[in-house]
Amino acid sequence: MIGCSGGNLHDIDHFLKVYALAETIGEREGLDGETQTVLEAAAVLHDIACPLCQER
């Protein structure tokens, strides 16, 4: 996601915050490993289409 951001610091900061929050919440909720992995993947991918939307 950082590579896809085109160097947009706002997007990078947002991505890192969302990932960190998802990781922390999942761990504190005691999620099993598979669910934690899915949660973290969702956090990584949640704004994947934003660069395409910004082009339009």
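This is a predicted model: local features need pLDDT of at least 70, side-chain atom pairs count only at pLDDT 80 or more; totals for chains, interfaces and linings use all residues.
Local features were taken at pLDDT of at least 70 and side-chain atom pairs only at pLDDT 80 or more, while totals for chains, interfaces and linings use all residues. Residues are numbered from 1 along each chain as its sequence is written, and side-chain values use heavy atoms, with hydrogens and water left out.

The protein contains three helices and zero strands. Both kinds of element are DSSP runs numbered from the N terminus (helices H or I, at least four residues; strands E, at least two). The order from the N terminus is α-α-α. Of the 56 residues, 14% are buried. Buried means under 20% relative accessible area, exposed over 50%, and partly exposed in between (1.4 Å probe, protein chains only).

Two packed helices are described by the angle between their axes and the distance between the axes. Helix 1 spans residues 9-28 and helix 2 spans residues 33-45. Their axes come within 8 Å and cross at roughly 165°. Helix 1 is therefore roughly antiparallel to helix 2. Angles over 145 degrees count as roughly antiparallel, under 35 as roughly parallel, 65 to 115 as roughly perpendicular and the rest as oblique. Axes are lines fitted to C-alpha atoms, for helices over the stretch in contact, and angles run from 0 to 180 degrees between N-to-C directions. The crossing is right-handed, that is, the near helix is turned clockwise from the far one by less than a right angle.

Helix 1 contributes Phe15, Val18, Tyr19, Ala22, Glu23, Gly26 and Glu27 to the contact. Helix 2 contributes Gln36, Leu39, Glu40, Ala43 and Val44. Contact means heavy atoms within 4.5 Å. Seven of the contact residues are nonpolar, two polar and three charged. Ala, Val, Leu, Ile, Met, Phe, Trp, Tyr, Cys and Pro count as nonpolar, Asp, Glu, Lys and Arg as charged, and the others, Gly among them, as polar.

Glu40 lies in helix 2. With 17% relative accessibility, Glu40 is buried. Beyond its neighbours within four places in sequence, Glu40 touches Tyr19 and Glu23. Leu31 sits in the loop between helix 1 and helix 2. Leu31 is partly exposed, at 34% relative accessibility. Outside four places in sequence, its contacts are Gly26, Gln36 and Leu39.

One salt bridge was found in the whole structure. The criterion is a side-chain nitrogen of Lys or Arg within 4 Å of a carboxyl oxygen of Asp or Glu. Asp13 pairs with Lys17 in a salt bridge, with the closest N and O atoms 3.3 Å apart. Both residues belong to helix 1, four residues apart, about one turn of the helix. Asp13 is partly exposed, at 38% relative accessible area.
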